[in-house]
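Here is a short briefing on one protein chain. Keep the sequence and the model open while you read.

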Amino acid sequence: GQRRRGRVFSARPGASHREASTSTSADDLISAVASGARDLTRSEIDRLTSELDLTSLCDAARAVRAAGPDPGIVTFSPKVFVPLTFACRDRCGYCTFAKDPEAGGKIYMSVEQVIDVAERGRVAGATECLFTLGDRPEALYPAARAELNDMGFESTVDYLAHCASAVLARTGLLPHCNAGVLTRDELRKLRETSVSQGLMLESTSDRLVDEPGAAHHGCESKRPACRLRTLDLAGELDVPFTSGILVGIGETREERLDALFAIRESDRKWRGHVQEVIVQNFRAKENTGMRDWPEPSLEELAWTAACARLIFGPVTQIQVPPNLTPEPDDAAAAAGGGGGPVGDREGWRLMLRAGVSDWGGVSPGVTPDHVSPEAPWPHLSELARVTREEGYALVPRLAAQARYVVRKRSKLADPSNDTHGFREDEDEDEDDDETGGGVASSPSPPSPVRVHETEGSDRWIDARVAPHVRVLADSEGFARASGWCPGRDESPESAAGAEKDDDEAKRRTPSKPWLSSRVPRPADVVGVDGAVFGGRAPRDARGSGPPRGSRRVRAAIERLRRRGASLALDCSTQLCEVDGRDSDSDSDSDSHSRTEMDLDEAAVATLLRARGADFDAVCAAADEARAAQCGDAVTYVVNRNINYTNVCALSCAFCAFSKGPASEELRGKPYLLAMEEVARRTAEAWDRGATEVCMQGGIHPDFTGEDYLAILNAAKSGAPDIHVHAFSPLEVSHGALTLGLTHREFLKKLRDAGLGSLPGTAAEVLDDPVRAQLCPDKLSTDQWLDVVAAAHDAGVPTTSTMMFGHVDTDGPDAWARHLLRLRNAHVASVSRNGRGFTEFVPLPFVHFEAPVFRAGAARRGPTLRECVLAHAVGRLTLGSAGLTNVQASWVKMGPEMAGELLRAGCNDLGGVLMNESITRAAGARHGQEMSAATMEAIVRGVGGGRVARVRTTAYGDAPAGRRDAAMRA
C-alpha cells in the first residue's frame, strides 16, 4: 500500500478502477492538510476512509503529523491524579469511578489530602495536578451539599477552585480540572486557578442517552448538546481545553467521525482552544452494566486515531492513553488463549504510526489511574524506549500544551518540497523517512516554507497563573523537567547551599509563591538531550560512527554548511549586500533571497529544537566542524573585567547589575569608579599576566562621549601595552549622541585613543519582538547592527553575543533569526573591509535576581539542552561562514559544563576575568575568577588531544611571558 517516493497512498486491495483512479487526488488532499492549507470536509474524510486500507490510512495520518511544528517528539504530562470526589449525579454503563457516598463518610478529599498527593508528585517530578471528579454530586446527594456548606462553599466547583489555588501556591504543580458540564461563570472561576480544563465529548449520539441499556442512558450531563455547550464556552473564554471521544461504547464509525468533526468545529470557531483530542478505547470493567460488552480491537483504535489526525491536521495533539492501549494478543487472551507474552508493545507502535503525538498524563509512580485502576501506568523508561525505537523522543510537557505557553512565529520547511535545498539527496536512506512515506508534492508550490504562529500565555493563561507556568517551562513551552539552571546548579545535591538565598528571596516577596523555595528538589525526568531517561539507545547499539539523527536534522546541518560556505565565498570575491536585515523590496532577486533566508531560518530552528538522537547528532556535527575549522587547540585569554559603574538610566528587565529607580530592592549599592582606580586595576591586571582589560558599565545619565574617552585613557595609563576591549554598541551609540558625532566618527576617536576592540554585548536577542519585552530602552536590532558595522568599517573588531532563555517571545525561532543576522553581518563586513566578528559567545540568562523573573515574566533561564544547542548550532551556522570561534562562558555555565561544551563545538573558554560582577549580581555562584591553571586543567580533562593555548583578544598567540605571569598569579 505504500512506496517511499512518488505517489504515496494507494487504494485498498480490491478497490474498483473508478476508486483507484482517484488516488492521486487523495494524495493532493493529504498534501493540503499537511501543509495547513485547509481542513478536510466530512465527505472527503468519508472518501479517504473508503479508498484507503488501514496501513495507507495510518501512513497518511503519519505524514500529516510529520508536517507539524514538532515532528520529532511525542509528549506526555508527568502528573498526579487527584479524585476530589467519587460522587457523581450520573451513572454511566462503563464507569467504575463514580460511587455512592458511604453513610457518615467524607465525600470530598480535604485540602491537606490534596496537598499531600500533589507534594509527593512534585518531588517525583510531576508538573500537573489532574483534578477528576464526579459531575455535580450536590445535585443528587444532600450529604454532598451539606459537606460543602460545612466547609464554606456553595458548590463543588467553588471547592475545586479553592483546592486548585492551594496546589498552585503550596506545591507549584499546575492544576488541570475535569469538572464535568460547566457554566460560563464556573469555567471563568477555574481559569483563575488552573492552566487548562477538560471534558470528554465522548459521543454526539443522543441515542446513547435515550436508549435503555445504552452507555449513557439516563445521564443528562452526557447529552451531546450540553457537552458541546461547555466546549464552546471554554473557547469563548480562551481556556486551553482537552476533549475527545470514546471508542467502542455502542457508537458507529459514522457517529465517531461526527463527534470528531463537532470538536473540530468548536475549535475552529474559537481559534484553537482544543489543545488535544483524546481517542480512548472502551475497556470492559467488572461490576458495571457493560462488563460483558466487547472491547474495540487495536485496529479499530488505530483507524480512529488516524482519522482524528486527518480531521484535525498537523498541529492539534492527538492523544491515546498508553495504559489502555490494547495489544494484538489481547483478544486471543480474553478468549482463553492463555495470556502469553504480549509482544513488544505493538499497540503503542501502531498508535505512533497512526499519527498519535501525545500519551496524555502518566503518573511517575505516585497515583494510579483512578478512572481505570485495573490498568497501571507504564514505566516511563519503557515508554521512552518504544517511542525512541519508532523515531521519536519522549518529552514531558505541561498541563497546557506548548503552544498555549510561549508566543512564537516559526518558519517550517515544507517536507513536500525538495527544490530549495532543505532535503538530502533522494537516493540516501530511503528507509529512514520519518513521515511514513512523505506527502505528494505539488508541481509548483507557492513557497517551500510555512509559518506557524502561537499566541502563548498572554492569550490563554490567566496572568495570576502564568508565572507558575513559566518557572516550569522551557523555551518551547514544554516542561523543563530538570533542576539545572545557568549560574548555579539547582539539582538536589546542591539544594542545601541554596537555602539561605532562597529563604531571603522568599521573605522579600511573600506574595509571589512561584519564587518560593521548594525542598526537596523534584527529581529530574529528562537528560541533557531533553528526552526522558531510558529513551537513548545504549552506546553499543549506536554503532561506531557519530550519531546521525533524523533526515530532517541531517538536511538542516548540510544546508547550513553549504549556505555559509557559499556566502563566505561570494563575499570574498565581491561586495556582499547581505547584512542581516529584512528587505521590503519585491524584486525577484530579493524575493529569492527572502526564500533562502526563510529556509535558513527553518534549518537553524530545526537544529535548536533537537532532542534525543537528534540532539546527539547536532553536537557530533558541531564537534566535527570545530575540529575542521579550529583544530584541537582550546584557547583562553588572561584578562580582567572592570565594570566602572553600575548606575544606569535604562531599565532593562533582565538586569540585576544596574542600579536606578527601579532597582532599589536589588542587592548592592550604586558606584562609579574613579579614574585612578581604573588605572590601578589595569596595572594590576598586567602584573598578573593579563593581555586584556574588558570594560563595560551602565549608561550613566551624566556620561558623555568624553567620559568614555577618559576611561579609556585611564586604562592605557595603567598599562600602555594592554589591549582595551571596551564599550558595548549601546555605550558607543550613547557616547556618539552626546558629542553630536556619527557612530563611525566616535569609534575612530576611541580607536585613536587606544581602543582595541568592542564587546558585542547589549545584543541580547536580535529580534525586535523579544527586545520589546526585554529591553525596550535599548538599541533596536538594526541599530545594533549599524554600530557593529560602523566599528568594523572603522577598523575596530567586535565580538558577538546572544543572551537567551528568558521571556515568552524568546525561543528557537528568535535565536535562529539572531544567528542568521550575525552570520550575514559578519560576511558583509568581511566583504567590505576584511574584518568582522572575532567570536560568538552565547550568554545564558541567569534568572535568580533578575527583575523580569522576580516579576513573574521570565523563565528560569535556558535548560542545559538549550545551552548546549546554542553553542553547537552557533558553530554550525556561523563557522562555515568564517566566524570560527565559539566561546563557552564558564561564569554562566560553570566550569564542568564549560568543559563539556568543548565537545559540542566550542574552541574557547573565554577569560580568567579576575573580577566578574554582572553575572554575580544576577545570582550566579560560579565565582569571579578562574585561574589559568584551572583553565588548562579543564582542557586536559576533555581529552581527545585537546591542547590549551593562551591567546590575545584577536586570537593571536599571547606575547612571550604572559602565560608564565598568569600561572604565577
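A residue is called buried when its relative accessible area is under 20%. By that cut-off, 61% of the 969 residues of the protein chain count as buried. The model is a predicted one.

**Overall build**
- The protein chain holds 35 helices and 22 strands.
- Take the contacts in the protein chain with a separation of 6 or more: 79% of them come from residues 24 or more positions apart.

**Nonpolar cores**
- The largest nonpolar core has 128 residues.
- Within this core, Met 695, Phe 727, Trp 784 and Leu 909 touch the most other members.
- Helix α30, residues 864-878, gives the most to this core, namely nine residues.
- A second core is separate and has 123 residues, among them Val 82, Leu 301, Ala 308 and Ile 461.
- What does Leu 909 contact, once neighbours within four places in sequence are left aside? Its partners include Val 634, Thr 635 and Tyr 636. Gln 887, Ala 888, Trp 890, Ala 898 and Leu 902 are also in contact with Leu 909.

**Helix α14 and its cover**
- Helix α14 spans residues 346-353. Six of its eight residues are buried, so the helix is largely enclosed by the rest of the structure.
- The buried residues of α14 are Gly 347, Trp 348, Arg 349, Leu 350, Met 351 and Leu 352.
- What covers them includes the helices α4 (54-66), α12 (298-312) and α15 (380-389). The strands β1 and β8 (358-362) also belong to that cover.
- Gly 355 follows α14 and has a positive phi, near 95 degrees.

**Strands β1 and β9**
- Strand β1 covers residues 73-85 and is joined to β9 by four bridges. The two strands run parallel.
- Phe 76 stands opposite Pro 396 of β9.
- Is strand β9, residues 393-396, covered on one side or on both faces? Both faces are covered. Ala 393 and Val 395 are buried on one side, Leu 394 and Pro 396 on the other.

**The four-stranded sheet**
- Four strands form an open sheet in the order β15-β16-β17-β18, with parallel pairing.
- Its edge strands are β15 (639-643) and β18 (755-757), and each pairs on one side only.
- Neighbouring strands of this sheet are turned by 35 degrees against each other on average, direction ignored.
- Strand β17, residues 723-726, is joined to β18 by two bridges, and the pair runs parallel.
- His 725 stands opposite Ser 757 in β18.
- Strands of a sheet pair through backbone hydrogen bonds, in a parallel or an antiparallel way.

**Thr 781**
- Thr 781 lies in helix α27, residues 781-793.
- Is Thr 781 buried or exposed? Its relative accessible area is 3%. The cut-off for buried is under 20%, so Thr 781 counts as buried.
- The Thr 781 side chain reaches the backbone nitrogen of Asp 767 at 3.3 Å.
- Not counting residues up to four places away in sequence, Thr 781 touches Leu 766, Asp 767, Asp 768, Arg 771 and Arg 821.

Technical notes. Residues numbered from 1 in each chain as written. Predicted model: local features only at pLDDT ≥ 70, side-chain atom pairs only at ≥ 80, totals over all residues. Heavy atoms only, no water. Buried < 20%, exposed > 50% of the residue type's maximum accessible area, 1.4 Å probe, protein only. Pairing = 2+ DSSP bridges. Contact = heavy atoms within 4.5 Å. Core = buried A, V, L, I, M, F, W, Y, C linked by side-chain atoms within 4.5 Å. Polar contact = N/O pair within 3.5 Å; in protein donor to acceptor, adjacent residues only side chain to side chain. Axes fitted to C-alpha atoms, helices over the stretch in contact; angles between N-to-C directions.
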